[in-house]
Amino acid sequence: MVDLAATAEAGHLRRELDAADDDLAFLHDFAADDVRRLRIAVAESLAARHRKTFRSMAAASKLLPKQVLGTIGEKAVGPMICSKIAAELDPGHARKIVGSFSVPFLADLCRTLDTVSAQPVLLAMPSKIAIPVGTELDRRGDLETLARFIDVVDIALIPPMLDIVDDDALIHIAIVAQSRERLSEIFELIDDDRLRSVIDAAVRGGVLDQAVVMMAELAPSQVTRVLEVVVGTGDVLITDVVSAIAELDAWDRVLPILADLEPDDIAVVAASPVLTRPDVFESIVDHVTAADAVHDLVAVISSLEPAKQESLAVALLDAAPDTCRRLVELADVHAVRDLVALDVLRSAP
Amino acid sequence: MASVGEIAARIGVEEDDVAFLDAADPADRQALVEAIDAAGLARDRELLDAVDNALKFVPRPLRGRVLKLIGGGRG
């Protein structure tokens, strides 16, 4: 699996170092958090060499007319150095002068802007500047930079930004976003139709596994909403999403939430043929065993009518008899009774 | 070939902070250090050029004050 977040962080570092596209590809194999810490340390060490000059240039910018600043920034200084000066600007002054620069130049500047130290400046950006810059980054397909931008801009700018980006871009941005808090805010701003089409985009784009990792970091109520939307599609998305959860072994986060859905919703998932796939069933039983969570699984199975429980048990016995034996042992330890599916499994030879 | 300790010292962090690089190929670690060094030198040059070029655009009556402000930080 290509880790989009680690790849994005390596991309940020490459831009910071002005390195070639193929350089530092080895970093894609490491955890995104490790690469992020490395990238921040490298950027900080490079900025520290000249911080005094950047601060002086930021102070000098107050002496110059706005029109002159735009010319100097774009023709003499360039986006990289300007991004370092921008991080040292007083936010009020930044707001006054940002209109002196062209949108393409500001989009270039964002590529190497330290969005952490420059957050006060970015928060001060008027929407008439920030939205066109976001649009330009989206037009260029520079989703890594756009994700960092969206991470820190004023929350009031997020709804128009969400209108700019398409579903493929939005799932990419959500996966590489650093701020879980902002991700949660974005999630609250999109309606169920958009959520469904974004999940669709994750399936189409082959990044559903990373979307599930991202989903697992959302609040339980938000995971519930994702599951409800997935259930609402019938078996269209359930197979893909459940397969990804099994592959990632993310049941510890998802099964308790699934078990708390409305019984009708649980039944839709429980009736999906994907649950009888040996790898999926085994991953669930592995989790239930390790987490001592047999009651969550019982809640899922109980959502089915007796006849469907019987069919499920027969299918499971056919697909993974050894795993069925493990489940029966576990159920016996916990004295689980009165479940048709378990009765069928117990009666198997 | 650059060690993890050398990389940590180069960017001013504790060795533990970049310990994950121990699993990287030594040639990759060396390439990382060279990229950091090259970026530092390029940034030095770019900044000097930027200051020199910027001064050409500063209106003459303001040039002295601007130079005084940023001159101290040059080099």
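What share of the contacts in chain B with a separation of 6 or more comes from residues 24 or more positions apart? The figure is 38%, where a contact means that the C-beta atoms of two residues, placed from the backbone, lie within 7 Å.

Before going on, a word on what we are looking at. This is a predicted model, in which local features need pLDDT of at least 70 and side-chain atom pairs count only at pLDDT 80 or more, whereas totals for chains, interfaces and linings use all residues. Residues are numbered from 1 along each chain as its sequence is written, and chains are lettered from A and ligands numbered from 1 in the order in which they are written.

Let me stay with chain B for a moment. Its secondary structure comes to 3 helices and 0 strands, in the order α-α-α from the N terminus; helices here are DSSP runs of H or I with at least four residues, strands are runs of E with at least two, and both are numbered from the N terminus. The radius of gyration of chain B is 19 Å, while a compact globule of 75 residues would have one near 11 Å; that radius is taken over C-alpha atoms, and the globule rule is 2.2 Å times the number of residues to the power 0.38. Taken along the principal axes, the C-alpha atoms of chain B fill a box of roughly 55 × 20 × 15 Å. Of its 75 residues, 25% count as buried, and by buried I mean that 20 or more other C-beta atoms lie within 10 Å of the residue's own, with exposed standing for 12 or fewer, partly exposed for anything in between, and the C-beta atoms placed from the backbone.

Chain A comes to 24 helices and 0 strands. Its radius of gyration is 26 Å, well over the 20 Å that the globule rule gives for 349 residues, so chain A is more spread out than a compact globule. The C-alpha trace of chain A spans about 85 × 35 × 30 Å along its principal axes, and 42% of the 349 residues count as buried. Among contacts in chain A between residues at least 6 apart in sequence, those that join residues at least 24 apart make up 81%.

Now to where the two chains meet. In chain B, 34 residues are in contact with 32 residues of chain A. On the side of chain B that touches chain A, helix H2 (26–57) and helix H3 (60–71) each supply at least two residues, and H2(B) gives the most, with 16 residues. That side divides into 21 nonpolar, 5 polar and 8 charged residues, counting Ala, Val, Leu, Ile, Met, Phe, Trp, Tyr, Cys and Pro as nonpolar, Asp, Glu, Lys and Arg as charged, and the others, Gly among them, as polar.

Leaving aside neighbours within four places in sequence, Ala211(A) is in contact with Ile171(A), Ile175(A), Ile199(A) and Ala202(A).

Which residues of helix H19 (residues 263–270) of chain A are buried? They are Ile266(A), Val268(A), Val269(A) and Ala270(A), and what covers them includes helix H16 (220–232), H17, H18 and helix H21 (294–302) of chain A.

The loop between H17 (235–248) and H18 (251–259) of chain A holds Asp249(A), which has a positive phi of about 55 degrees although it is not a glycine. Asp249(A) is partly exposed, with 13 other C-beta atoms within 10 Å. Asp338(A), in the loop between helix H23 (321–333) and helix H24 (340–346) of chain A, also has a positive phi of about 55 degrees without being a glycine, and it is exposed, with 8 other C-beta atoms within 10 Å.

I will end with Asp3(A), in the segment before helix H1 (4–17) of chain A. Asp3(A) is buried, with 20 other C-beta atoms within 10 Å, and it touches His28(A) and Ala32(A), not counting residues up to four places away in sequence.
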